[in-house]
Structure formats: structure tokens, C-alpha cells
Amino acid sequence: VRGELAEEGALLEVGCACASLRSRASLALVSAERGHLVLWHGSKAMPSVRAVAHTACQWLTERRPRELGEWCREAVSVTELEEGAETPEFWVALGQENRTAYDCMLQDPGRCNFTVRLFRMSAASGQFAVTELVSPVRDSGMVTTMPFLQEDLYCVPQPALFLLDNHLEVYVWHGWWPESEITGSAKLRWDAERRCALETALQYCSVKNPNHPPQGYVVLAGSEPLIFTNTFPRWEPGAQTQQGKGSKAVLVQDALRRLCKTRYSREEIM
């Protein structure tokens, strides 16, 4: 369930699996054959998210859209569940219980009352520039938990660079090289653009919290860690990239140090 205002709520279909659960979101699990709907709330779902989810479920039970299949002619039953108090039937519907499949925040004592922010970094115009993306579901007076989609990163000309601010961490996302565009001069321009992006990320962290700057990480397309992918309501693994081997993140400082390195040992060259 997406949106922060009841009149702007929207449903985004995700896979029926544990990997689709999000601790900051509410999800509606629909059994068209049984005429049953389960409304699941993550442990860190904001009150506004829960309210929109209730409105969306009410709309579903009243309208019973054909896109969801054949609904029972009788009244649709609704069950409401909290993360950590699911029923065995709930886990059966998702395959099996597996809280490691998503970024489960049940044991996280912190409050997740922040809006994720996303910035596009590019030197395509000839000058390095940073532009913030504003989601159409964002409300400046409310917390917007998951305002962006995976497509915002992947469906732009590659290679691309984005900065994602998840409040406690800041990520620099690196896109991939289209095979037909790898040339010497293009590689030099890309390295210069990456260097500007990494320096910008370090400065962003310092300005965001001078006393306790958030940690900055570099993630590569196809190798995004779980904590990164779970800032999006839906994430399709196995995207076509040329660098994704395992899920890992590298400190921005380390990535910048390697990028600026000019002297190498014989072992590194060999």
C-alpha cells in the first residue's frame, strides 16, 4: 500500500513471498478464492501508512475489482495482523516463515519517522550537478516512507549515479556500463564523474549531521544489499547488469581512495 493520504492511496502488486515484506509498510494479502483479505502492518509502519492501508482495504472489500480475480459473492472477511504476531496460515500463503528474506526491524529500538530522499548526480550537461527527485506521493508535511521505485534507478540512461539518503546511512548507487559504450575517453569521464559523486556524498554526510555524520556506502547495480533494496516497496532481483556478484557495500572513503590512487605495487599490477 503506497501513499500518505487516504484519497491518494495506491496498491502496488508485489510477489507473494517473505521478501516482499517491509517493516515500514502495510501490505494487503488477498485470497480471491476464499474471499479473504489479510492486512499486515510492519512494526515501523507510520500511523498515516496504516490509515491509508485501512482505506485501501475498505475499497477492495466494497469494490472487489476484477483485476484481483474472482471474488466470493459473500461478504469478504478481513484479518488484521502485526509484524511479529502472524498466524501460521499467513506464512503458508507466503511459502514459509523467513524473516531474513527482508530487512526485519522488529528488534530495532529506533523510530523510523523519516522520509527517504533520492538525488540524481550527473555531468551530462558538461557540469556536474545534483538534482533531487520528488515523488508524486510525497507530502512535505508528512513522513513519506517509500516514495521511490526501483525503476527510478534502473530506467534511466546508464551508467547513472544516484545518492540515496536513508537517514542513518547514505548510499551512492552506481549504474552499469552498456557494452557498446566502453571506450577510453568515456571511461575517463565516468571516473571523473564518480569522483565528484563520492566527494559530494562525503560532504552531504558532513552537512547532514556535523557532530555524527551518517556512514556513506557505495553500492553497485545488481549487488545492492538488503537494507538498500528494502527502502523501495518492490525490488526485482537479477537485473541485467555486468557487475553484480553478491550483495555488498563499500565505504565511500575507501572507494574514493581507490579511485584517486596513482601508485600501485607490483602485486596489484600483476
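Why does the structure hold zero disulfides? The sulfur of Cys16 has its closest cysteine sulfur in Cys18, and at 9.0 Å that is too far for a bond. A disulfide here is a pair of cysteine sulfur atoms within 2.5 Å, and the structure holds zero of them. For background, a disulfide is a covalent bond between the sulfur atoms of two cysteines.

This is a predicted model, in which local features need pLDDT of at least 70 and side-chain atom pairs count only at pLDDT 80 or more, while totals for chains, interfaces and linings use all residues. Residues are numbered from 1 along each chain as its sequence is written, and side-chain values use heavy atoms, with hydrogens and water left out.

## Where the cysteines sit

Buried means under 20% relative accessible area, exposed means over 50%, and partly exposed is in between (1.4 Å probe, protein chains only). On that scale Cys16 is partly exposed, at 46% relative accessibility. Cys112 is buried, at 9%, and Cys18 is buried too, at 5%.

Cys18 belongs to the segment before strand E1 (26-31); helices (H or I, at least four residues) and strands (E, at least two) are DSSP runs, numbered from the N terminus. Which residues does Cys18 touch, leaving aside its neighbours within four places in sequence? Its contacts are Trp91, Leu94, Gln96, Glu97, Asn98, Ala101 and Tyr102, where contact means heavy atoms within 4.5 Å. Leu94 is 76 residues from Cys18 in sequence, yet their C-alpha atoms are 5.9 Å apart in space.

## The chain as a whole

The protein chain has seven helices and nine strands. Of its 270 residues, 41% are buried. Among contacts with a separation of 6 or more, 66% join residues 24 or more positions apart.

The accessible surface comes to about 15,400 Å², with 51% of it belonging to carbon and sulfur atoms. Such areas come from the Shrake-Rupley method with a 1.4 Å probe, and for residues only the protein chains shown count as cover.

Helix H6 (residues 252-259) has Val252, Ala255, Leu256 and Leu259 buried. These four lie on the same side of H6 because they cover an arc of only 95 degrees around the axis, the arc being that of the directions from the helix axis to the C-beta atoms. An α-helix has 3.6 residues a turn, so residues three or four places apart point the same way.

On the other side of H6, Arg257 and Arg258 are exposed. What covers the buried residues of H6? The cover includes strand E7 (169-174), helix H4 (184-208), strand E8 (215-220) and strand E9 (250-251).

## Pocket and cavity

The largest pocket holds about 740 Å³ of space. Its lining has 36 residues, and those nearest its centre are Leu12, Glu13, Val14, Leu27 and Ala28. E1, strand E2 (36-41) and H1 each supply at least two lining residues, with E1 giving the most, at five.

One cavity of 30 Å³ or more turns up in a search of the whole structure. The largest cavity contains about 110 Å³, and of the 13 residues that line it, Arg24, Met105, Met146, Asn230 and Thr231 are the closest to its centre.

For the method, a 1 Å grid is laid over the protein atoms alone: a cavity is a set of points where a 1.4 Å probe fits but cannot get out, and a pocket is an open set with protein on both sides within 12 Å along at least five of seven lines. Lining residues have an atom within 4 Å of a point. Grid points are joined across faces, edges and corners, and a volume is the space filled by probe spheres set on the points.

## Backbone and loop details

Two backbone features are worth a look. Gln158 and Pro159 are joined by a cis peptide bond, with omega about 5 degrees, and Pro159 lies in the loop between helix H3 (151-154) and strand E6 (161-165). His167, in the loop between E6 and E7, has a positive phi of about 75 degrees although it is not a glycine; His167 is partly exposed, at 36%. Most residues other than glycine have a negative phi, and most peptide bonds are trans.

Is Ser223 buried or exposed? Ser223, in the loop between E8 and helix H5 (226-229), is buried, with a relative accessible area of 1%.
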